[in-house]
Amino acid sequence: MGTPDLAATCLENLLRRADFQIIAAVTQPDRPRGRNLQLHPSPVKTIALRAGLPVLQPERARDEAFIQQLRSLSPDLITVAAFGQILPRAILELPPHACLNVHTSLLPKYRGAAPIQWAILNDESITGVTIMKMDAGLDTGDILSREQTPIQPDDDSQTLHDRLATMGGNLLSRTIPDWVSGKIAPQPQPADGVSHAPKIRKEDGRIDWTQPARTLWNRIRAFTPWPGAFTYLPGDAQPQILKLWEAAPVAESGPPGVVMRRDKNGITVGCGDGALLIRSLQKQASRRMTAGEFLAGHELKPGTKLG
RNA sequence: CGCGGGGUGGAGCAGCCUGGUAGCUCGCAAGGCUCAUAACCUUGAGGUCCUGGGUUCAAAUCCCAGCCCCGCAA
């Protein structure tokens, strides 16, 4: 059971294994997306259909009809990765070998919807994936296995996500046989070190230039590629949203939000502590551009105040 | 009919409201300058202003129709 790319990657990994038989995929119903709000299948559905798997798309996982349907499949084990709905106890207790969840943090840290983003936001140097036996709480189940990875300076949520998805798929595939054969003793999550990673909202991506450059740098990386960190470009009529894609902290200082310099390296903007060098960005209703491309068509004089 | 922006030399943009010589930054080419540079100076090449129709003495600009592109929507 799962919905976005993370789950699709895990599913692909499981499909490559000859020792499991996958009997069905469960994912969220097709949602309207794209320029004309047409219905689009989730990444998991796309992969599942390609593999010829039956696909279930319950509007509500707690509906009795769906639970019955699931029961009739009599799965030995259910794996869950970013499914997007809370599973009722009836489903958690349905398979003899339980429901296993792939979570992209080192539990008990960063329980919740956006562990990858929060790890970057909080300047963590290490994160990872955890396979746990699901219980009724939010990411509170017993731990079966974990794997770590460092967060690199050039990581953003996309690159970290991709890496963790691959690791998660592999770890899940390796963990299942050991779990089913009884080689793994579930470890309760320690009470210490619990933290939460709530959903991020679009407006959380707004850059507050009075904050230190390193903090803003983390915010930009955490919000890339979605929903994007942004600031405002003062305009003739209305300020325009300016999404910041790539930036790096530099050892200079200037008044917060003020463009200090613009050259071939990028656009240097003062922060509360230090400065940020913007390397690529995107104006409202336009595509992503390098700083050089952007500057070719926009004056953006030094002294311009963003925000 | 989900909301919005746009199509102007190779790239990014201005010009359109208020019709009248095609403009800016960058790139490219040639020459110059410099110990030197993703430096600087000079000169140059390169454009059916998306397409079709309409209005007009005159349309990149105004009107109608069409095609294409992009952003937002998790």
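These are my notebook entries on a predicted model of a protein chain.

**Conventions.** I note that residues are numbered from 1 along each chain as its sequence is written, and that chains are lettered from A and ligands numbered from 1 in the order in which they are written. In this predicted model, local features need pLDDT of at least 70, side-chain atom pairs count only at pLDDT 80 or more, and totals for chains, interfaces and linings use all residues, while side-chain values use heavy atoms, with hydrogens and water left out.

**Entry 1: the whole chain.** I looked up the elements of chain A and found 8 helices and 14 strands (DSSP runs numbered from the N terminus: helices are H or I with at least four residues, strands are E with at least two). The C-alpha trace of chain A spans about 65 × 45 × 30 Å along its principal axes. Of its 307 residues, 48% count as buried (buried is under 20% relative accessible area, exposed over 50%, partly exposed in between, with a 1.4 Å probe and protein chains only).

**Entry 2: helix α3.** Which residues of α3 are buried? In this helix, residues 64-73, I found Phe66, Ile67 and Leu70. They lie on the same side of α3 because they cover an arc of only 100 degrees around the axis (the arc is that of the directions from the helix axis to the C-beta atoms). Ala65 and Ser72, on the other side of α3, are exposed. The buried residues of α3 pack against β1, β4, β5 and α4. After α3 comes Ser74, with a positive phi near 35 degrees.

**Entry 3: Asp139.** I located Asp139 in the loop between β7 (126-133) and β8 (142-150). Asp139 is buried yet has no salt bridge (a side-chain nitrogen of Lys or Arg within 4 Å of a carboxyl oxygen of Asp or Glu). The nearest side chain of opposite charge, Arg111, is 6.9 Å away (Lys and Arg count as positive, Asp and Glu as negative; His and the chain ends are not counted). Leaving aside neighbours within four places in sequence, the contacts of Asp139 (heavy atoms within 4.5 Å) include His103, Arg111 and Gln189.

**Entry 4: an aromatic pair.** I searched the whole structure and found 1 aromatic pair (rings of Phe, Tyr and Trp, the last by its six-membered ring, with centres within 6.5 Å; planes under 30 degrees apart are stacked, over 60 edge-to-face, the rest tilted). Phe230 and Tyr232 form this edge-to-face pair, 5.9 Å centre to centre and with 90 degrees between the planes. Phe230 is buried at a relative accessible area of 13%, whereas Tyr232 is partly exposed at 24%.
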